[in-house]
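Biologist: Could you walk me through this one? I'd like to hear what lies behind each label you use.

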Number of protein chains: 2
Amino acid sequence: MMRGRGLVNRLAMLAGALGVAALAGAPVRAEDGYALWLRHAPLEGEALARLDGFAGSVSIDLPDNPTAALAANELRLGVDALLGDGAIGFAEPSMAAFQFDCDDPAIATDGAFRVTSDVSRMRIAAGAPIGCLYASHAILRALEQGADPATLALDEAPVMPLRMLNHWDNPDGHVERGYAGRSIFDWWHLPERLDQRMIDYARANASVGINGVVVNNVNARAFMLEARYIAKLKRLADAWRPYGIRVYLSARFSAPRDIGGLATADPLDPAVAAWWQAKADEIYAAIPDFGGFLVKANSEGQPGPQDYGRSHADGANMLAAALGDRGTVIWRAFVYKAQDSTDRTMQAYAEFVPLDGQFADNVIVQVKNGPLDFQPREPFHPLFGAMPETRLMFEGQITKEYLGFASHLAFLGPLWKDVLDADTGRGGTVAQIVAPAGMAGVANAGSDRNWTGSDFDQANWYAFGRLAWNPALPAEAIAREWAAQTFTRDPQALDTITAMMLGSREAVVRYMTPLGLAHVMDTGHHYGPGPWVCDLARPDWNPCYYHRADSEGIGFDRTARGSGALAQYAPQVAARWADLATIDPRYLLWFHRVGWNQAMPSGRTLWAEMVHEYDAGVAAVDAMARDWQALAPHIDAQRHRAVAENLAIQQAEARWWRDASLAYWQSLHGLALPAGATPIPESLADYQRRTFPEAPGQ
Amino acid sequence: MMRGRGLVNRLAMLAGALGVAALAGAPVRAEDGYALWLRHAPLEGEALARLDGFAGSVSIDLPDNPTAALAANELRLGVDALLGDGAIGFAEPSMAAFQFDCDDPAIATDGAFRVTSDVSRMRIAAGAPIGCLYASHAILRALEQGADPATLALDEAPVMPLRMLNHWDNPDGHVERGYAGRSIFDWWHLPERLDQRMIDYARANASVGINGVVVNNVNARAFMLEARYIAKLKRLADAWRPYGIRVYLSARFSAPRDIGGLATADPLDPAVAAWWQAKADEIYAAIPDFGGFLVKANSEGQPGPQDYGRSHADGANMLAAALGDRGTVIWRAFVYKAQDSTDRTMQAYAEFVPLDGQFADNVIVQVKNGPLDFQPREPFHPLFGAMPETRLMFEGQITKEYLGFASHLAFLGPLWKDVLDADTGRGGTVAQIVAPAGMAGVANAGSDRNWTGSDFDQANWYAFGRLAWNPALPAEAIAREWAAQTFTRDPQALDTITAMMLGSREAVVRYMTPLGLAHVMDTGHHYGPGPWVCDLARPDWNPCYYHRADSEGIGFDRTARGSGALAQYAPQVAARWADLATIDPRYLLWFHRVGWNQAMPSGRTLWAEMVHEYDAGVAAVDAMARDWQALAPHIDAQRHRAVAENLAIQQAEARWWRDASLAYWQSLHGLALPAGATPIPESLADYQRRTFPEAPGQ
C-alpha cells in the first residue's frame, strides 16, 4: 500500500487553512467530551503489562442484584478499555479474578467498600450493592493512575449521607444559570421515552458518589407536582435506582393554591397539610424511595410560610410531616427581603438562627457557601456552626454564574475547599458542621455534547462529587486524578494541567473581584463587568451597594463601625478579619472600607494594588493559554482546539473586566494609572454601552 | 479465557429489568444517531469483496484545493469505513485508484459531476471542486447500496441553484418550532469558539447537496445585523465555505430604525437605502460570498414596507439594490392580515400576483408548499405558476410543527413530492416552476445528540436535500437509500422500514386531519387536537374558522359559492376540485362543505367515513409499532429502543387525536358512532381540559 510522504504535511496545512480538525493527522483520536472522565483510555507501558498480567485472561463474577451487576459490568468494561481490547468476560465466581461480595455484614450499607488484592485475585466487599458500584469506579480510578492491581487496597466510606445535585432546570427545557445548552431532562417525552443520556448521567454521578438529584429549579412550577409529572419522575427514578440515585423535587410552596384548588397555602391550615400529605402519598406510591422536597421560600419572590405570618420552621415542618420518615425536606437559607434595609449578607443568619431547634428531624437547612451569592470569593457563611440543633447542608454552585459562565477556565475545587476547611470557631470546620447532612451543588450539566459547555467544567462536576464523598481530599489530588482520566497520563502534561486548574479560580478573582470585591457584574445575566450600575429598583441589586466606591475609597465596612456583619461570626473568627492592618487582603474590601491612597502591606497604595491585581489576573490567563498551547501533542485535536478557543475568549474578557473596572474606578477618583501600567483602550462610556440581550442562562 | 454460558441470558434479563441497553449483549453496537446517514457501516459479503478488491490496497489522489481535499478525504474515510479498516491512504495521482479532476471544463461549475470506472480506477470529474465533494458522497451512497466500484458510472447535476435550509433559531438559543433541543448555533461564543458541530453540520448538508443556510429566525432580531454579529457570521462562513455553503441572514425590515438611528425604515427614503447599502458593504467586506437576506415582512406582526404605504416590491427591490449582484433577496409570500376578512388562504395570491414583473432580478419570492401553513396535507399553493415574471422558491417545513413534533414518525418525502409533482396548469409542475430558483426547508436540526430529536426525522432533512438536488427522485428511493445508510442493509428489513416511512405521513393525516381538514390543532404550541377552539382574537387563528363544523356539516366552501379560493388555480386544476362528487376525497373538506350524512364514494356517510379515517390512522400507527418491534435483530439497541418509545407515544397520541376530535364533532351533531366503532374513553370536557404550558418550540 502506498501512503504518500509529505502528504501528511499538506494535509496538516489544509487543516490549518480550513480551521478544522477533520483533516489533520492528529496524534490522538478526536474526542467530543461526551465520555467525561470515564473514557478509560488504554494504559501503556508498565501499567498495561501489570494489568494485563493480572486480568488479561480471567474474569469477573456476576452478582445477582441489579446494582451489583452494574458494578461488575462497569469494572469489566473499564478493565477491557484500559487493556485496549475486549478480553474480559463474566465467569462463575470460583473462576473470577475480580470477586464481589456486596452483602458483607462487616461493612456499612451507606456505600462503603473495601478492596483487597493478591497476585491473582481482587476482592471487592461492600455492605450493600451500591458500595460495590462505588468500589468499581474507585478501582478503575486507581488503575488509571497506575496502581498495581496485585497490591491494590482500598477502604472507603462516604463522609456525608447526602451528596446531591440541584438542577435549576425548568420544565420547558430552559436552565436558569445554565451555560451548557438546554436541560438534560426531556420532560416532554417522559415517561414514554427515556433518553440514553439519563442513563449516562446517572452512571457519571455514581462514579463520583453522587446519590441524590433535585430535578427541577428551586424557582419551581407547581404543575410538576401533578400526576402526569409524577409518572415522568417515576420513569427517571426507576432508571436511576440501580445507580444509587434518589430523585427529589423542588416544591412550590403555594402548590395547594396553584394546583390544589385550595384558597390558601398556609402551613398551619389543616386542609393544606392534608393536601401535602395526600400529594406525598401519591408520590411514594409511584416512587417508594423518593428523596423529598427542596424548597426556596420567601426569597426573590417565591411564595412561603411568611405569606401567612408563619415561620420557615412552620413551613418546613408541615412538609416534613407529610413526608414522614420516608423523606427529607431541604429548606434553603438563601433569603433576603426587598424591604430589609440591613446588610443583605446578614439576613439569612438573622432569620434562621432564632429558629434553631425548631425544625423537625427530617428537615435540613441548606446554606450557600458564602453569605452573598456564589461570588468568585466570599468568606464562609456565618450560619455554619451557628445552628447547633439543626442539620445544615452545604450549597455550592457548580455552574459558574459569576465566574465567566462556561467560557472561563475556573476550577472550583479550591473555592469549595476554602470554605469546607474553614474553622467556624463553633465546633469544627464547615466540613465537620455539614457532615451529618451533606452537600448540594447547583448542577452544570446540560444538553451540550460535552455535558458542561466546556471540557474543563467537567472537572467541577467531578470535584463536587469527590468532595461530597470526602471533603478532606486535597484540591490538587482531585485536579490531577480528573485530568489523568480526562486528558492524558503524561506526567509532565499532568503537572501543567493541574497547575493551570489550581491557579485558575484565583485568576478569575483577580481580574473580576480583587481584594474582596463582590457582585460587580452587569445586571440580569451576571455577565461581564458592571460596577457602575447604581440605579436598580432594589438597593441590594446594585453593584454600587456592594463596592460603595466614591472619590475617597472603596469597600463595604462590615465591622462594628459599619453593618456589623462581622459579629455574626465566632469571636475568634471575627477577630481575624476585624483589623484593617492584619486582615488577609483577599477579604479586605468585603469587610472594610479603604481609602484609594491607603498603603497596602505590599507598599503600594490601594489603587496601585488594585491595578496590580487586575493585571496579575490577566497575566495568569495569558499564562494558561500559553501552557495549553504547549500541550497540543498530548491532547486530541478537537478538545485541544475547544479549550484553546475558550482560553482566547477568557484572555479577551479578562482584559475587558480589568479595563472596564479600572475605567470606572478612575472616573470616581481621577487618579492616574501607576507608571508603566497598560493604558485602558476604550472609554468608560464604551464599556457601559455594551449590551447582551441574548446572554444565556437568564 | 472463560466466558460463562447462560450468563448472556442473565445479562439480557438484567438489562430488561433495568430498562437499559448498557448491559445487553446487543447484536449491533449501540449508536446515538450523531453520525446521521454518514455512518458508513462496514459492508459485508459480496459488496465488501468487490470494494476490497478494488480499493483494498490502493489510494486516492489529493487535490490541492480545500474543497477538493475535503472530497478526497471524505471518500477516503468513507471507503475505509465501508471496508471496516484503515487501509486507504493518499497517493500521488499517478498511483491512485480514485482520481479527481475538479476543474474539468466540459462540466458545469454548479456542483455537477461525472464518475466513470474500470476495473482498476475510478475517475471523478467536476467543473468545480464542490462537484467533487458531491461526487464523493454520491459514490459512497452508491457503494453503500452495493454498487460495483469497477462499473460505477454517475452523471449528475443539481436541478435547482438554491438548496437552502432556513433556521428559525433565535440568538438566545431558542428555536421557534424546534423539537430537537436548543439551537445548534452557539452565537454566544462565536467568533472565538467554533463548535465542532458546525463542521459536522456543514458536512451533512454537503452530503445531500444543500448549499445555503439562513442562520436565524424569519422573526428576526435587528441586532444580528450589528458588527459583533457580522464577526460571528464570518467565522461560520469561513468554516462552511469549503463545504460549498453560503450563509444568509434573516433581516428585520425595521433595522435602520431599530439599530441604525434613523427615524424611519421607509424603503423609498434615501437615508434608509443608504443605511442598507452601507450594511451590505460591511457584510461583504467580511464575507465576500454572503448569500443575501431572507425577509418576512408585514406578516404576523413583522415590520415591512406596507408600514410606510409601500409595496412588497418596493421593499424587496431596495434591499436588492443594496446587495447588488453580490447576493439575493428572498422575500417570503407568507402574508396575511389581521384586518382582512377574506379567506386567509387567498391573501398571498391576492397581494403578490399584482406585483409580478415588478421585482428586481436578484429577488426571489419564497412560497410555502400550500396556501395555509405546513398542514399535514394542503393542495399546492396557487401562487406557483401565477407569477411567470418572478422567480419563485419552494418553502417546505422539515421541522414538524403540525405533524406531531419530533415524536411522531412522519416521513415528509411524499408530502413534498405531492406538491413538487403537481401540475400547476400554468406552464409546468411546481418543481418546474421553482427550478430556476430553488427550495428552502425550515430546518429541524437542533442540539439533540441525534440532531433532529428523533432518528426518523433525520430522514426528512436528508429527503429535503435530495429533492432539492433532484425533485424527480421518487420518495420510495429516497427512503430506501436513507434507511440503508442509517439503519441496516438487510433487504427485508429495508423493505419494512421503507414501507413504514412511505405510509407514515398518510397515517398522520388520517388521525389528525382526515378528508381535507386543516388547522384543527390546539392553540400556540400547535400540539394535540383543539378543533373546539373558536374564541381567539382573530377569526383566522381559530380551528373553527377552518373546519366550519356545526350540527349540519363540516368543511370550508372554497368554490365559487364560497370564498372563491378555487378560482386562484388554473381552470383545469380548479375543475378537478370543483365538483363535490368527483373531487379526490383527500381534499374534500378543504374545498367543500359537506353534510354529516352525505354519502361518500365508499358508501359510508361522511360521519362514518371520518370515523373510518381516524381509525385507519390509528391502525397504521399500531402496524408501524409492530413492524418496528420485529426489526430488533437488525437495529442497534439504543436507537431501536428510542424509536420504539416514540412509536408508543404516537400510538397513544393518535388515539388522543381520534378520540378528542370525534368527541367534539359528536358534540355538534349528536350522531352515534357507527356500530362496532371503538368507544371514546373520555368526555369532551376531559380532552378540552388538557393543557401543556411547557410544550416545546413556542
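Modeller: Let's start with Glu401(A), which forms a salt bridge with Arg177(A), the closest N and O atoms being 3.1 Å apart. Glu401(A) sits in the loop between strand S13 (391–397) and helix H11 (413–420) of chain A, and Arg177(A) in the loop between strand S7 (162–166) and H5 of chain A, so the pair ties together parts that are 224 residues apart in sequence. Helices (H or I, at least four residues) and strands (E, at least two) are DSSP runs, numbered from the N terminus.

Biologist: Before we go on, what kind of model is this?

Modeller: A predicted model, where local features need pLDDT of at least 70 and side-chain atom pairs count only at pLDDT 80 or more, while totals for chains, interfaces and linings use all residues. Residues are numbered from 1 along each chain as its sequence is written, chains are lettered from A and ligands numbered from 1 in the order in which they are written, and side-chain values use heavy atoms, with hydrogens and water left out.

Biologist: Why is the contact between Glu401(A) and Arg177(A) called a salt bridge?

Modeller: The term asks for a side-chain nitrogen of Lys or Arg within 4 Å of a carboxyl oxygen of Asp or Glu. Here the closest N and O atoms are 3.1 Å apart, so the pair of Glu401(A) and Arg177(A) qualifies.

Biologist: Are these two buried or exposed, and how do you know?

Modeller: Buried means under 20% relative accessible area, exposed over 50%, and partly exposed in between (1.4 Å probe, protein chains only). Glu401(A) has 2%, so it is buried, and Arg177(A) is buried too, at 11%.

Biologist: How many salt bridges are there over all chains?

Modeller: The structure holds 90 of them. One of them joins the side chains of Arg203(A) and Glu74(A), 2.7 Å from N to O. Arg203(A) lies in helix H5 (residues 196–207) of chain A and Glu74(A) in helix H3 (residues 66–83) of chain A, so this bridge ties together parts 129 residues apart in sequence.

Biologist: What about Asp281(B) and Arg326(B)?

Modeller: That's a salt bridge as well, with the closest N and O atoms 3.0 Å apart. It links Asp281(B) in helix H8 (residues 270–286) of chain B with Arg326(B) in the loop between helix H9 (312–323) and strand S11 (328–332) of chain B, 45 residues apart. Asp281(B), at 35%, is partly exposed, and so is Arg326(B), at 26%.

Biologist: On to the helices. Why are H3(A) and H4(A) called roughly parallel?

Modeller: Two packed helices are described by the angle between their axes and the distance between the axes. Axes are lines fitted to C-alpha atoms, for helices over the stretch in contact, and angles run from 0 to 180 degrees between N-to-C directions. Under 35 degrees counts as roughly parallel, over 145 as roughly antiparallel, 65 to 115 as roughly perpendicular and the rest as oblique. H3(A) and helix H4 (residues 129–144) of chain A pack at about 10°, with axes 7 Å apart, so they are roughly parallel.

Biologist: And what makes H8(A) and H9(A) oblique?

Modeller: The axes of helix H8 (residues 270–286) and helix H9 (residues 312–323) of chain A come within 8 Å and cross at roughly 40°, and the two are therefore oblique.

Biologist: How do you know what sort of residues meet there?

Modeller: Ala, Val, Leu, Ile, Met, Phe, Trp, Tyr, Cys and Pro count as nonpolar, Asp, Glu, Lys and Arg as charged, and the others, Gly among them, as polar. The contact of H8(A) with H9(A) has ten nonpolar, one polar and no charged residues.

Biologist: Last one: what does His189(B) touch?

Modeller: Contact means heavy atoms within 4.5 Å. Not counting residues up to four places away in sequence, His189(B) touches Ser407(A), Asn646(A) and Ile649(A). With a relative accessible area of 5%, His189(B) is buried.
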